[in-house]
Amino acid sequence: MHYQAAVFDMDGLLLDTERVCQQAFQDACRHLSLPILNDTYLKIIGTNALSIKNIITAGYGPDLDYESLRIEWMKRYHAVVNFQAIPVKEGVIALLDWLREQSIPMAVATSSEKEVALTKLKLSGLEGYFQQLSSGCEVTHSKPHPEIFLLAAKRLNIDPTACLAFEDSNHGVRAAVSAGMHVFQVPDLVAPCAETLALGHEVKPSLTDVLLRLKNAQQENQ
């Protein structure tokens with residue numbers, strides 16, 4: 001395993017934000033007397049704002065007032081993530097510290113809006129680890145298209161095939177694999193589907209296990 005850079009998803013991978021977002025969505029639905037369609041909600045994980053709108057609208061039907069739902073949803077979500085440090089997922093700090101010790105440049109590739117992502121990273125104390133950030137509002141195509149990972153690699157000035165990628169979602173994994181990166185998946189709310197598992201990437205229960213895998217690979221190469 002030869003790599004020169006590392007690219008991380010953020011929500012559900014570095015930060016335990018997916019549950020915060022899901023709770024905000026459910027509370028917004030209750031406020032608007034809408035049914036809570038969890039199967040529809042889980043399909044949006046790992047996608048950008050436009051894809052989220054399309055998926056939610058398809059799930060709820062053409063009579064949905066999506067803008068009203070989005071306002072109530074984001075009001076509740078931002079009341080948390082803009083002012084509170086979201087818990088860091090297991091193994092994050094140890095992995096980031098180890099990669100930094102190896103002088104491996106790191107980037108974030110997140111479907112979140114840029115300013116929101118920067119706020120989350122700052123409040124959680126993670127912003128100093130990353131040299132670059134690519135956000136969903138900066139690309140035309142959402143994950144599972146590889147555009148956001150290719151942009152992250154370009155900004156790091158590293159060939160995508162020389163990058164490690166870390167993801168939790170099926171959409172994100174397909175994007176990173178399509179970009180040619182060596183991918184580790186640490187599932188969060190959604191387990192890897194058969195289609196995703198067929199890609200042949202590595203699936204680990206936590207970033208602690210990912211770090212152990214990288215250390216073992218390093219020792220084997222010495």
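Start by selecting C29 and C21. In this predicted model, C21 holds the cysteine sulfur closest to that of C29, but the gap is 11 Å, which is too far for a bond; a disulfide would need the two sulfurs within 2.5 Å. C29 itself counts as buried, because its relative accessibility is 0%. Now pick C137: its nearest cysteine sulfur is again in C21, 16 Å away, and C137 is in no disulfide.

Show the largest nonpolar core, 48 residues in total, and highlight F8, L14, W73, F130 and F166, which have the most contacts inside it. Then colour helix α4, residues 66-81: this helix gives the core six residues, the most of any contributor. There's another core to select, lying apart from that one, with 21 residues including V7, A107, A152 and A175.

Now zoom in on F166. Skipping neighbours within four places in sequence, its contacts include A6, V7, F8, D9, L95, F184 and L214.

From there, hop over to D9, in the loop between β1 (5-8) and α1 (18-31). Is D9 buried or exposed? At 6% relative accessibility, D9 counts as buried. So which side chain does D9 pair with in a polar contact? Select K143: the two side chains are joined at 3.1 Å. Beyond its neighbours within four places in sequence, D9 also has contacts with L14, A109, T110, F166, E167 and D168, among others.

Key:
Residues numbered from 1 in each chain as written. Predicted model: local features only at pLDDT ≥ 70, side-chain atom pairs only at ≥ 80, totals over all residues. Heavy atoms only, no water. Core = buried A, V, L, I, M, F, W, Y, C linked by side-chain atoms within 4.5 Å. Buried < 20%, exposed > 50% of the residue type's maximum accessible area, 1.4 Å probe, protein only. Helix = DSSP H or I, 4+ residues; strand = E, 2+ residues; numbered from the N terminus. Contact = heavy atoms within 4.5 Å. Polar contact = N/O pair within 3.5 Å; in protein donor to acceptor, adjacent residues only side chain to side chain.
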